[in-house]
Amino acid sequence: MTRSFPDGFLFGAATAAYQIEGAAFEDGRTASIWDAFSRVPGAVVNADNGDVACDHYHRYRDDVALMKELGLQTYRFSTSWSRVRPDGGAVNAAGIDFYERLVDELLAADIVPWLTLHHWDMPQALEDQGGWTNRDIVDRFVDYALSVHDALGDRVQHWTTMNEPWCSSFLSYTAGVHAPGRTSIRDGLLASHHLLLSHGRAVQALRERAPELDLGITLNLTVADAADVADPLDVDAARRIDGQFNRWFLDPLFRGAYPADIVRDIRKVDAAAVSAWQEAVRPEDLEAISSPLDALGINYYHGELLSGHPQPGPDGEPVETNPHETPGQQRRTASPFPSDEGIHWVERGLPRTGMGWEVQPEGLTRLLVRIGEEYAPEVPLYVTENGVAYDDVVGDDGEVPDAERTAFLRDHVAATLDAVEQGADVRGYFYWSLLDNYEWAWGYAKRFGIVRVDYDTQQRTIKQSGHEYARIIADRAI
């Protein structure tokens, strides 16, 4: 049975500046935290860096032509803070000019530009001053946001402040898995608050300047299920992951308060860290953080089944599988969850991706419906990232027959439509990613793109999944 998407539903793809642009030190751009982190021994698989990446900085016209060939209606990209305001200082005319040219190229191709201001590449010079743990960063981010608006505000309608603040705080400042690689509960808590406050203050400043803009934020969210809903320990493990992953950001954004149960949980682990965080949270902060939104982006890759009991392996010994780890890293990291004792992930026999993540499309449906009902009944939702990595093989004919990714794409596009049909106000789907690219701590070891990139030649090849996505877009049906 063929099912059609509503009129106005947008189909797009997404990327991020550091992952594709390259030209890391050209035209005035200076080091971001990822330029620095990628050079720390053991921080990134194979010691890969984004110096060249997909060379999008020089090949953006060809890449926009690929988007048009695929039929994309919208393209979600991020601006590089280190390119626009190197070292967090004055505006770099050559850097902002690149984004002006990119936006003009998109508009000429009838593709809606969807701009993200922060996708993890803060200037290293600002990290040297404390980064997201330093409250001064809030004013610096607002200045940066307004600088981008100065250049692009007349042509870009859709603005996202932050991409995945959970990753920029807890995965980066508490786990040490991502740049800047700190392992501190206190620092993760402070970073999470200053990221949210920067979002809120930027929304206020942009709305005051241009009320017609569509302003939002993008969160990576999960579906945390208890392995046994009749087991109190399993239910509590699911509550704690939902609270630390989802509600820590959803509650202040939509309810003007952090989740009290999670504050209590973390205080049991590190009371001093919670006290430092509480001192940083001022009453007026939550008013800014909960500023009304025009859109909420949701990034979904997998759900998780959780237990309060250790999970036995085939030999009877306990086995730990945490989908938020990067096994290829060769340096000390920690859990991204401040309150993690007694939480265990359960194997449920679902297919797994090249990242080791379970394939669970129905989780996307449940997530979208839940967010629409519990948090954002009047805010349009967008699936701003959803994608999968597999080890693609180029055929003798030069084509890339990625059947698993093709099935993943179809199933998750269908899951999105399921949510729409269940009443969720979902207005768009962006596949992650347009191109194979630099996959952060995994380097170039993982490929998410619907377009293959040969990193030696920079040749682009549309994969089978890309052709299937083009068909879905053309038919506006699944």
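## Cysteines

A disulfide is a pair of cysteine sulfur atoms within 2.5 Å. A search of the whole structure, which is a predicted model, finds zero disulfides. The sulfur of Cys167 has its closest cysteine sulfur in Cys54, 19 Å away, which is too far for a bond. Cys54 is buried, at 0% relative accessibility, and Cys167 is buried with a relative accessible area of 6%. Buried means under 20% relative accessible area, exposed means over 50%, and partly exposed lies in between (1.4 Å probe, protein chains only).

## Basis of the values

Residues are numbered from 1 along each chain as its sequence is written, and side-chain values use heavy atoms, with hydrogens and water left out. In this predicted model, local features need pLDDT of at least 70 and side-chain atom pairs count only at pLDDT 80 or more, while totals for chains, interfaces and linings use all residues.

## Barrel

Eight strands form a closed barrel in the order β1-β2-β3-β4-β5-β7-β12-β13, with parallel pairing. Helices (H or I, at least four residues) and strands (E, at least two) are DSSP runs numbered from the N terminus, and two strands pair if DSSP finds at least two bridges between them. Neighbouring strands of this sheet are turned by 25° against each other on average, direction ignored. Axes are lines fitted to C-alpha atoms, for helices over the stretch in contact, and angles run from 0 to 180 degrees between N-to-C directions.

Strands β2 (residues 74–78) and β3 (residues 112–118) run parallel and are joined by five bridges. Within this pairing, Thr74 stands opposite Val112 in β3. Helix α8 packs on the sheet, where it touches β3, β4 (158–163) and β5 (214–220); contact means heavy atoms within 4.5 Å. The direction of α8 makes about 40° with that of β5.

## Aromatic pairs

Rings of Phe, Tyr and Trp (its six-membered ring) pair if their centres lie within 6.5 Å; planes under 30 degrees apart count as stacked, over 60 as edge-to-face and the rest as tilted. The count by this rule is 37 aromatic pairs. One of them is the tilted pair of Trp166 and Phe337, with 5.6 Å centre to centre and 35° between the planes. Trp166 lies in helix α8 (residues 165–174) and Phe337 in the loop between β10 (318–319) and β11 (344–345), so the pair ties together parts that are 171 residues apart in sequence. Trp166 is buried at a relative accessible area of 3%, and Phe337 is buried at 2% relative accessibility.

Tyr258 and Trp277 form an edge-to-face pair, 4.9 Å centre to centre with 80° between the planes. Tyr258 is in the loop between α10 (232–255) and α11 (260–269), and Trp277, 19 residues apart from it, is in helix α12 (residues 271–280). Both Tyr258 and Trp277 are buried. One aromatic cluster is formed by Tyr18, Trp34, Phe37, Trp120, Tyr438, Trp440, Tyr444 and Tyr455.

## Single residues

Arg427 belongs to strand β13 (residues 426–432) and is partly exposed, at 39% relative accessibility. Not counting residues up to four places away in sequence, Arg427 touches Gly8, Phe9, Leu10, Pro380, Leu381 and Tyr382. The C-alpha atoms of Arg427 and Pro6 are separated by 8.4 Å, with the two residues 421 residues apart along the chain.

Asn322 is in the loop between β10 and β11 and is buried, at 17% relative accessibility. Its C-alpha atom is separated by 39 Å from that of Phe98.
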